[in-house]
Amino acid sequence: MKSDPGQIIGHNIIYLESVTSTNDYFKTLDTEKIDDGTVVIAENQTHGRGRNGKKWISSTGKGLTFSVLLRPKIFSSQTLIFSYIPVITLTRFFIRHLNISAGIKWPNDIYVNHKKIAGILYESASYKNSLKYFITGIGININQNIDDFNDLKSSATSVAILLKKSVDKELFLFKFLKEFDNDYRRFNNSADWEDDVVNDWNSLCQHMNSRVQIMDEKNIKFFGIFKGINRNGAALIKTDRNIIKTVNIDHFSLRENYVISD
Ligand code: ATP
Ligand code: BTN
């Protein structure tokens, strides 16, 4: 494969047949020496990861599993709001290029008709108050058919299932990386980028103003109306007592109140 996606993101792509996790692969390298925007993509991950120790399953060769290392010049306190940029680009990509009605489930999952089509896991390191590097790991279900999903049949979908045809994974990846590159540079050059991220993310969220439940790692829950994210990247939940609670990403999960009909 030849690569030339964006000016920064994807100008350098590392292709692997198999790896534990593309996010982990970066950590085995000297991250100082890796260029901003380097992408690592694997046909197979033996230990694909989601948030909080959950697994990301991708049938070998059928999905896209890749990570991008970025070095935005931001404070470490801005990492959380920055982390929403990839999910904004990818959700828009589904809508604009594939006519797939995708929406974001907080914080970084993409769903279509209540089935998950993509997930994003970010990891970062800071030095003093500055962000040193940011790794965004992206898993997208592309050419899986329903039988490939095994235990996830009722909760997962793919581009091929929705479009009723298989798609060129490499073309998908290259087009996405170009858009991600555009967005990365657009946000980098905007003085109000945090507000832009808040507005974009909120407009693509599938459960804005809906009733949700929030679970922590001990499964203790509270209910409320989802009111979007704020400039710090925290989720805002209006409780039944009309109090706005802010919820940070780490260790919290969100569940929507809906019934799956099929
Ligand atoms: P939350 O982010 O709210 O904690 P979650 O349960 O979706 O929600 P994540 O860590 O985001 O957890 O994602 C991992 C979960 O995604 C797995 O536990 C599994 O249920 C699901 N999953 C794993 N692989 C796939 C896939 N290829 N397609 C769709 N869903 C998947
Ligand atoms: C989630 O659903 O919470 C996140 C899933 C992220 C999966 C991707 S696949 C590429 C990268 N490598 C991993 O181990 N995880 C991410």
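**Entry 1: terms and ground rules**

I count two strands as paired if DSSP finds at least two bridges between them. The helices (H or I, at least four residues) and the strands (E, at least two) are DSSP runs, numbered from the N terminus. I note at the outset that this is a predicted model, in which local features need pLDDT of at least 70 and side-chain atom pairs count only at pLDDT 80 or more, whereas totals for chains, interfaces and linings use all residues. Residues are numbered from 1 along each chain as its sequence is written, chains are lettered from A and ligands numbered from 1 in the order in which they are written, and side-chain values use heavy atoms, with hydrogens and water left out.

**Entry 2: the chain as a whole**

I looked up the secondary structure and found six helices and twelve strands in the chain. The radius of gyration (taken over C-alpha atoms) was set against the globule rule, which is 2.2 Å times the number of residues to the power 0.38. The chain comes out at 18 Å, close to the 18 Å that the rule gives for 262 residues, so it is as compact as a globular protein of that length. Along its principal axes, the C-alpha trace spans about 55 × 50 × 35 Å.

For burial I used relative accessible area with a 1.4 Å probe and protein chains only: buried is under 20%, exposed is over 50%, and partly exposed is in between. Buried residues make up 52% of the 262 residues. With contact taken as heavy atoms within 4.5 Å, residues 24 or more positions apart account for 65% of the contacts that have a separation of 6 or more.

**Entry 3: the five-stranded sheet**

I looked up the sheet that holds S10 and found an open sheet of five strands, ordered S11-S10-S9-S8-S12, with antiparallel pairing. Its edge strands are S11 (244-247) and S12 (253-256), each of which pairs on one side only. Angles here run from 0 to 180 degrees between N-to-C directions of axes, which are lines fitted to C-alpha atoms (for helices, over the stretch in contact). Neighbouring strands of this sheet are turned by 45° against each other on average, direction ignored.

S10 (residues 235-238) is joined to S11 by four bridges, and the two run antiparallel. Within this pair, Leu 236 stands opposite Thr 246, and Ala 235 stands opposite Val 247. The hairpin of S10 and S11 has five residues between the strands, and Asn 242 takes a positive phi near 65° there.

S2 (residues 38-45) pairs with S3 in the antiparallel sense over five bridges, and Val 40 stands opposite Ser 67 of S3.

Which residues does Leu 70 touch, not counting residues up to four places away in sequence? Leu 70 is found in S3 (residues 64-70) and is buried, with a relative accessible area of 0%. Its partners are Ile 9, Asp 36, Gly 37, Phe 82, Tyr 133, Phe 134, Phe 180 and Tyr 184.

In H5 I also checked Asp 183, which counts as buried at 11% relative accessibility. Leaving aside neighbours within four places in sequence, Asp 183 is in contact with Ile 85 and Thr 89.

**Entry 4: domains and cores**

The domain bounds come from an automatic or database domain assignment, which gives domain 1 (13-204) and domain 2 (211-258). Their C-alpha centres lie 23 Å apart, and 17 residues of domain 1 are in contact with 19 residues of domain 2.

I took a nonpolar core as a set of buried Ala, Val, Leu, Ile, Met, Phe, Trp, Tyr and Cys residues joined through side-chain atoms within 4.5 Å. The largest has 60 residues, and those with the most contacts inside it are Phe 66, Phe 94, Trp 106, Ile 140, Phe 172 and Trp 201. H5 (residues 169-188) gives the most to this core, with eight residues. Domain 1 and domain 2 both give residues to this core, so it lies between them. Apart from it lies another core, of eleven residues, including Leu 16, Phe 26, Ala 125 and Tyr 133.

Lastly I looked up Trp 201, which, not counting residues up to four places away in sequence, touches Tyr 84, Val 87, Ile 88, Ile 104, Trp 106, Pro 107, Phe 226 and Ile 229.
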